[in-house]
Amino acid sequence: MVSTLWLVGGGILLYTLVAMTLKAQGRLPEAIRVSGPITTIHTQRGKAFLNWLAGPRRFWRAWGNLGVGIALVVMVGSFALVAFAAVSAIQNPTPTALNEPQNVLAIPGVNDFLPLSVAPEILTGLLIGLVVHEGGHGLLCRVEDIDIESMGLALLAFIPIGAFVEPDEASRNRASRGGQTRMFAAGVTNNFAVSVLAFLLLFGPVAGSISVAAGAPIGGSLPGSPARDAGIDRGTVITSVEGQSVEDANAMQAALSDSTADTVSVGLKGGESVPVQREVLVTVAVRDGPIAVNETITAVNGSEVSTVTGFEDAVASRPVADLTVRGANGTRSVTIPVGTYSLVAPDGALAGQTDLSGGETVIVTSIAGNRTVDFDDLSAVLDGRQPGDTVSVTGYVGGFDGERRTFEVELGGSGEDAVLGVRVQRGVSGFVLDDFGVDVYPADTFLTVLGGNGGGGIGGIERAYLTLVLPFASLTLPNVGYNFAGFVGPVTNFYSVSGPLGLLGPGLVFLLANLLFWTAWINLIIGQFNCVPAYPLDGGHILRTSTETVVSRLPVSDGRALTSAVTTTVSIVMIVGLLVMVFGPRLLT
């Protein structure tokens with residue numbers, strides 16, 4: 001199937017061929033100018049309105065000076081951020097989804113983090129951002145008596161990518177450096193102002209009227225899992241297990257752990273109840289292990305098991321167990337040591353006191369006579385010990401086919417934290433097991449970041465950062481696993497609306513929340529990007545006028561050459577840094 005990226009690329013190419021043909025034939029209106037895939041639409045309309053709006057000049061100059069200060073701070077931060085990211089990309093080139101070519105484009109449906117479901121809200125935020133940005137330039141042009149040659153919209157083929165105000169160059173050069181700087185900073189100032197206003201409305205009355213529905217919000221179910229087979233998937237809210245009400249995901253997990261039934265009755269939001277036939281599914285497996293992901297453990301030493309608790313009880317007294325495993329190729333028997341899958345650290349206590357050198361696999365089956373079936377068991381044993389305690393460690397060195405050995409080890413660590421000197425894989429023998437098979441959606445976390453649930457004690461700077469990374473939270477926030485696109489689709493089932501805004505109904509409140517979130521987010525991105533100190537961005541122009549102001553006060557004979565050297569160097573560093581930051585990880589690996 002052809003990807004959206006290829007469809008958009010093909011459409012841009014076709015548009016470019018048609019537009020360039022019409023240009024060559026002289027069939028385009030004078031107001032439309034084409035340069036390759038870039039189309040600009042020029043107009044003289046709006047000048048009279050800007051002249052009227054520019055009336056209170058003292059106010060707008062004060063606003064412009066505030067914006068210059070903000071822009072300079074963001075410019076320095078942008079320079080440091082891009083430089084740091086570029087150096088990190090060279091030193092540790094680890095490709096992520098953020099480095100995929102399509103994710104550099106802010107196009108819903110093409111960018112993996114900007115879904116089509118919120119395309120109207122994203123495009124609305126983008127339109128607002130372009131209007132206030134270029135409107136700010138136009139307004140300050142008139143405040144500083146800079147003539148405007150034309151205004152308009154810039155498109156990448158049929159995709160709006162910007163608006164523009166084209167000052168008369170001679171008139172701009174006659175303006176003072178301060179006036180030019182205020183004019184260039186006005187766009188990003190307005191973007192940041194819109195972002196702050198939208199966030200205040202979102203964090204305050206809108207998010208305050210939204211609450212998380214009672215129950216466990218399900219973001220998805222695992223392939224081949226009991227939950228998937230029972231029809232439980234994204235958007236489901238589980239409200240009870242075996243007739244016991246559950247208020248959240250933790251309560252659901254506790255209720256499932258307490259139940260030993262092969263089949264559990266699960267109540268859903270809306271009153272429906274479904275039976276779930278439980279099985280022990282492998283959801284994570286070590287590489288080259290004898291059991292693979294999505295295979296099912298059906299028996300231990302010939303005794304059937306259907307729950308993780310039942311499995312752990314069956315292997316509690318058996319360091320080695322014969323497992324019956326059902327997979328895509330049928331059922332087979334697998335005999336493995338059952339314990340905590342670990343890698344020996346070269347500089348740890350175990351390697352330092354034995355003939356192990358580090359890097360070996362050890363499946364630890366007991367410590368100080370205490371059975372260690374999984375990661376939690378090993379952690380519990382070490383939590384009850386002190387650094388310097390000597391313990392007997394039994395395990396299978398070499399992994400699943402390894403030799404059973406016992407070591408006397410003096411625990412390392414500092415303070416009250418005793419360590420064995422191993423890196424531990426979660427689960428049993430390197431396998432994470434699940435007898436239900438759902439992923440919980442972090443509905444409560446997302447709402448708290450957006451100001452709901454009383455704000456959760458999150459500070460202003462922390463909230464700004466968390467909100468900025470929400471669209472790609474699965475990559476940037478620990479233990480989240482989902483990206484936040486807004487209150488859309490099945491996700492709305494996880495929330496309810498109350499308070500004064502409840503009169504609008506959930507649909508309108510969710511729409512308002514989405515509009516505010518994406519308007520704030522897009523304007524923040526537009527403002528920050530335009531503050532990058534590189535031509536032809538606003539940051540590059542502000543860098544030039546600011547450098548001219550500083551250089552004019554220095555005892556140098558050729559200030560123009562020094563200004564050009566500074567601005568050109570910084571611009572080149574920024575452009576190279578951006579290219580390395582985006583494309584470096586994939587080119588260097």
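How many nonpolar, polar and charged residues are in the lining of the largest cavity? I opened the notebook with that one and worked towards it.

**Entry 1: the whole chain**

I'm looking at a predicted model, so I keep that in mind throughout. I looked up the secondary structure and found 17 helices and 26 strands in the chain. Along the principal axes, the C-alpha atoms fill a box of roughly 90 × 60 × 50 Å. Of the 589 residues, 45% are buried. I also checked the contacts with a separation of 6 or more: 65% of them join residues 24 or more positions apart.

**Entry 2: the cavity**

Back to my opening question. I searched the whole structure for cavities of 30 Å³ or more and got one. The largest cavity has a volume of about 40 Å³. I wrote down its lining: Ile 291, Ile 297, Phe 311, Leu 323, Ile 336, Val 338, Val 428, Ser 429, Phe 431 and Leu 433. By class that makes nine nonpolar residues, one polar and no charged ones.

**Entry 3: a pocket**

Next I picked the second largest pocket, which holds about 710 Å³ of space. I found 26 residues lining this pocket, and nearest its centre are Thr 283, Val 308, Val 432, Leu 433 and Asp 434.

**Entry 4: helix H17**

Last stop, helix H17, residues 559–587. With 29 residues at 1.5 Å a residue, H17 should span 42 Å, and its end C-alpha atoms are 40 Å apart, so the two agree.

Where does H17 bend? I found a bend of about 45 degrees at Met 581, with a proline, Pro 585, following within four residues.

Then I listed the buried residues of H17: Thr 563, Thr 567, Val 570, Ser 571, Met 574, Gly 577, Val 582, Gly 584 and Pro 585. A reminder to myself: an α-helix has 3.6 residues a turn, so residues three or four places apart point the same way. What do the buried residues of H17 pack against? I traced them to helix H3 (57–91) and helix H16 (538–551).

Terms used:
Residues are numbered from 1 along each chain as its sequence is written. This is a predicted model: local features need pLDDT of at least 70, side-chain atom pairs count only at pLDDT 80 or more; totals for chains, interfaces and linings use all residues. Side-chain values use heavy atoms; hydrogens and water are left out. Helices (H or I, at least four residues) and strands (E, at least two) are DSSP runs, numbered from the N terminus. The expected span of a helix is 1.5 Å times one less than its number of residues. The bend at a residue is the angle between axes fitted to the seven residues ending there and the seven starting there. Buried means under 20% relative accessible area, exposed over 50%, partly exposed in between (1.4 Å probe, protein chains only). Contact means heavy atoms within 4.5 Å. On a 1 Å grid over the protein atoms alone, a cavity is a set of points where a 1.4 Å probe fits but cannot get out, and a pocket is an open set with protein on both sides within 12 Å along at least five of seven lines; lining residues have an atom within 4 Å of a point. Grid points are joined across faces, edges and corners, and a volume is the space filled by probe spheres set on the points. Ala, Val, Leu, Ile, Met, Phe, Trp, Tyr, Cys and Pro count as nonpolar, Asp, Glu, Lys and Arg as charged, and the others, Gly among them, as polar.
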